[in-house]
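Here is my notebook from a first walk through this structure. Have the viewer open and follow along with me.

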Amino acid sequence: QVQLVESGGGLVQAGGSLSLSCAASGRTFSGYTMGWFRQAPGKERELVTALRWSDFTIYYADSVKGRFTSSRDNAKNTVYLQMNSLKPEDTAVYYCAVKRFWTDYANPHRYDYWGQGTQVTVSS
């Protein structure tokens, strides 16, 4: 059984930084895609970044490009999301998720396992 445990998040002022982590367990993830999604109240869940575990190919949404950085620690099966220059519109619950393969990585319905979510709040 795959488990994803998120940590990090919190409250920060605009322009500040936060770091999220997602520790994965239950299998090896070669060939899998790890995604970070976010969902703000009243909005649909959207992809923030997707990482292909096998070769570290990364996709960033235009809204976070240049501000957010995804990384991984193979030994710990952990993915990180470093968020800099945060804006109030980044406020949301952030989720990590995992799916097999890279195809259709932006579609949340394609992901098989999800973390519990962590709140990120950016004050103006």
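**Entry 1: the cysteine link**

I started with the bond between cysteine 22 and cysteine 96, which is right-handed, with 65° about the S-S bond. The two ends come from distant parts of the chain: cysteine 22 sits in strand E3 and cysteine 96 in strand E9 (residues 92-100), 74 residues apart. I looked up the sulfur atoms of this disulfide and found them 2.1 Å apart. A disulfide here is a pair of cysteine sulfur atoms within 2.5 Å, and by this rule the count comes to one. Are the two cysteines buried or exposed? Both cysteine 22 and cysteine 96 are buried. For the record, buried means under 20% relative accessible area, exposed over 50%, and partly exposed in between (1.4 Å probe, protein chains only).

**Entry 2: ground rules**

I am reading a predicted model, where local features need pLDDT of at least 70 and side-chain atom pairs count only at pLDDT 80 or more, while totals for chains, interfaces and linings use all residues. Residues are numbered from 1 along each chain as its sequence is written, and side-chain values use heavy atoms, with hydrogens and water left out. Helices (H or I, at least four residues) and strands (E, at least two) are DSSP runs, numbered from the N terminus.

**Entry 3: the sheet around E3**

Next I followed strand E3 into its sheet. In what order do the four strands of this open sheet stand? I read E1-E3-E8-E7, with antiparallel pairing. Strand E1 (3-8) and E7 are at the edges with a single partner strand each, so one side of each has no neighbour in the sheet. On average, neighbouring strands here are turned by 15° against each other, direction ignored. For such angles, axes are lines fitted to C-alpha atoms (for helices over the stretch in contact), and angles run from 0 to 180 degrees between N-to-C directions.

Strands count as paired if DSSP finds at least two bridges between them. As a reminder to myself, strands of a sheet pair through backbone hydrogen bonds, either parallel or antiparallel. E3 (residues 18-25) and E8 (residues 78-83) are antiparallel over six bridges, and leucine 18 stands opposite methionine 83 in E8. E7 (residues 68-73) is also joined to E8 by six bridges, again antiparallel. Along that pairing I found serine 71 opposite tyrosine 80, and aspartate 73 opposite threonine 78.

Serine 85 is not a glycine, yet its phi is positive, about 50°. I placed serine 85 in the loop between E8 and E9. Its relative accessible area is 41%, so serine 85 is partly exposed. Phenylalanine 101 also has a positive phi, near 70°. This phenylalanine 101 lies in the loop between E9 and strand E10 (113-114), and is partly exposed at 49%.

**Entry 4: glutamine 13**

From serine 85 I looked across to glutamine 13: the two are 72 residues apart in sequence and 9.5 Å apart in space, C-alpha to C-alpha. Glutamine 13 lies in strand E2 (residues 10-13) and counts as exposed because its relative accessibility is 60%. Contact means heavy atoms within 4.5 Å. Leaving aside neighbours within four places in sequence, glutamine 13 is in contact with Val122 and Ser123.

**Entry 5: salt bridges**

How many salt bridges does a search of the whole structure find? It finds six, a salt bridge being a side-chain nitrogen of Lys or Arg within 4 Å of a carboxyl oxygen of Asp or Glu. One of them joins arginine 67 and aspartate 90 (2.7 Å, N to O). Arginine 67 is in the loop between strand E6 (57-60) and E7, and aspartate 90 in the loop between E8 and E9, 23 residues apart. Both arginine 67 and aspartate 90 are buried. Shared partners tie Arg38, Glu46, Arg67 and Asp90 into one network of salt bridges.

Arginine 38 is buried at 6% relative accessible area, whereas glutamate 46 is partly exposed at 36%. I also noted the salt bridge of aspartate 62 and lysine 65 (3.1 Å, N to O). Aspartate 62 is exposed at 64%, and lysine 65 is partly exposed at 49%.
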